[in-house]
Each structure stands twice: as structure tokens, then as C-alpha cells.
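Subject: Structure handover

Hello,

Please find below the sequence and the structure I am passing on to you. My notes on what was found follow after it.

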Amino acid sequence: SLSFVDVFSINDPDLIACSRRPVIALLLTFPTTRLYEEDKKSEEDQLKAASPKELPSDILWFKQTINNACGLYGLLHAVCSSAARRFLIPESFLHKLIKESSSLSVNERAFLLENSDFLEEAYRNIAMQGDSAVPEDAEEEVDYHYICFVSSSESNHVYELDGDRLGPVDRGTIIAQDEDMLGQGMLAHIGAFMRRYQHENIGFNLIALVVSDDT
């Protein structure tokens, strides 16, 4: 089975050793600062000028068109673009979502999510159960954002999946073949990300999608 769990440290070996494994995806929550937005724009300008790369078939990216739902898109990216696929119940919502959206264009895929009554109801119910204050205006801007990191079994590259970008970002071979998503290479990448932006706000949180041993 699958579980989402908090990662309590990326520096303390003892706390890292206590983390449940294997980790198959990571969700990073962070404050959206001016520097981050500038870096993102610069990176996307470079991507626009480069030749497009073909994505591995196990990476499924959703363009975010639902406002203030980056956490939802992060969860979908984590489950739909990782080994979590193997644990999905046949003909369940997520199983059918992957099957239906894999052959669609980016805009068609976004439309599929927008018009899902099941997803809308499930998202609303879960959002109301949290401790955070829910904005009265769904269009109100929030200060935090979610991004997802997954590794393709086809290319062994790590991909940053963020529905607010132009598409998936190939971060290269960050983790060794014998490492999971909480290996040293990925911890170093997350650490560098946090060090670059935490001087403006230290409100970072890391969540791992793990395969649970029910035995």
C-alpha cells in the first residue's frame, strides 16, 4: 500500500534513517518568493529556446488550470508518475485517469481534470478537513506552492513536476540506481533549493510518498 509521510530532516543522518522506505516520490512545499519567480522565468525562457525533448512514458504531467490547487496537482503527479501506479486499484478513479489522459494533449488533459465531478467533490471535502484557513475567494493568491519530484524508471532521470510551469523539468541523473528518492543525490538537490530561497522565508516542508509494508 501507499502512504504520504513527513520528512523531518534532510541533514540529520539519524532522522533520515528513521524515514520509511522506499520513497518513490517527494512533494516540496515552499514560499513563492521574488527570487524564485525570477529563477523560474529565466529557466523557462531557456527551455522555450531549446528543442523539445520526448518524455518517458512513465512521466505524466498535468497543466494546472484550477486556481489554488497546487497541492492537488502535486499529489496527482506523485501518484501518476511513480511506482505508485502498480498499487492502483483497477478501474479506480486514478487508474482510469492515467489510462485516459496518457494519450491526450496537454490542454485536453487539463480539461479532463477541470471537468471531473469526482475530483472536485473529493478535493473540496479534503480541503475542508485541514487545519489551514481556506480562502473565501478561490481566486485569491496564496504564498506557498507545491512541486513534485519523481524518477523515471525508463531514463533514471529525476523530473520536477509543477503544473504552474510550461511542462516537466528534467533535472538529470540525480540519484544512483540503487537509491530511492530520499538518496544522497536527491537530498543534496533539495538542500540546494532550500538554501537558495530560505533567506526570505524558512517555511519549507518535505513530504514523501512511500511504499508501506503491511505485513
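Predicted model: local features only at pLDDT ≥ 70, side-chain atom pairs only at ≥ 80, totals over all residues.

The strands β4 and β5 are paired antiparallel, with 2 bridges between them. On the β3 side, β4 is joined to strand β3 (residues 144–151) by 4 bridges, and these two strands also run antiparallel. Ser-151 has Val-158 in β4 as its bridge partner. Together β3 and β4 make a hairpin, with 6 residues between the two strands. In the turn of that hairpin, Asn-156 has a positive phi of about 65 degrees.

Strand β4 covers residues 158–161. Val-158 and Glu-160 point one way from the strand, while Tyr-159 and Leu-161 point the other way. Are these residues buried or exposed? All of them are buried.

These strands belong to an open sheet of 6 strands, in the order β1-β6-β2-β3-β4-β5, with antiparallel pairing. Which strands stand at the edges? They are β1 (2–7) and β5; each has a single partner strand, so one side of each has no neighbour in the sheet. At the β1 end, 6 bridges join β1 to strand β6 (residues 205–211), and the two run antiparallel. Ser-3 stands opposite Val-210 in β6.

The cavity

A search of the whole structure finds 1 cavity of 30 Å³ or more. The volume of the largest cavity is about 30 Å³. Its lining includes Gln-64, Cys-70, Tyr-73, Gly-74 and His-77. Tyr-146, Ile-147, Cys-148, Leu-161, Asp-162 and Gly-163 also line the largest cavity.

The most comes from α3, which gives 4 residues. Sorted by class, the lining of the largest cavity has 6 nonpolar, 4 polar and 1 charged residues.

Gln-64

Gln-64 sits in the loop between α2 and α3 (70–80). Why does Gln-64 count as buried? Its relative accessibility is 17%, and the cut-off for buried is under 20%. A polar atom of the Gln-64 side chain lies 3.0 Å from the backbone oxygen of Ile-66. Leaving aside neighbours within four places in sequence, Gln-64 is in contact with Ala-69, Cys-70, Tyr-73, His-145, Gly-163 and Asp-164.

By class, the residues lining the second largest pocket divide into 9 nonpolar, 2 polar and 8 charged.

Backbone points in the loops

- Pro-22: the peptide bond from Arg-21 to Pro-22 is cis, with omega near 0 degrees. Pro-22 is found in the loop between α1 (13–17) and β2 (23–31).
- Asn-68: phi is near 55 degrees, which is a positive value in a residue other than glycine. Asn-68 is placed in the loop between α2 and α3, and with a relative accessible area of 22% Asn-68 is partly exposed.
- Glu-91: phi is near 70 degrees, again positive in a residue other than glycine. Glu-91 lies in the loop between α3 and α4 (93–101). Its relative accessible area is 49%, so Glu-91 is partly exposed.

Regards

Technical notes. Residues numbered from 1 in each chain as written. Heavy atoms only, no water. Nonpolar A, V, L, I, M, F, W, Y, C, P; charged D, E, K, R; others polar. Buried < 20%, exposed > 50% of the residue type's maximum accessible area, 1.4 Å probe, protein only. Pairing = 2+ DSSP bridges. Polar contact = N/O pair within 3.5 Å; in protein donor to acceptor, adjacent residues only side chain to side chain. Contact = heavy atoms within 4.5 Å. 1 Å grid on protein atoms, 1.4 Å probe; cavity = no way out; pocket = protein on both sides within 12 Å on 5 of 7 lines; lining within 4 Å. Points joined across faces, edges and corners; volume = space filled by probe spheres on them.
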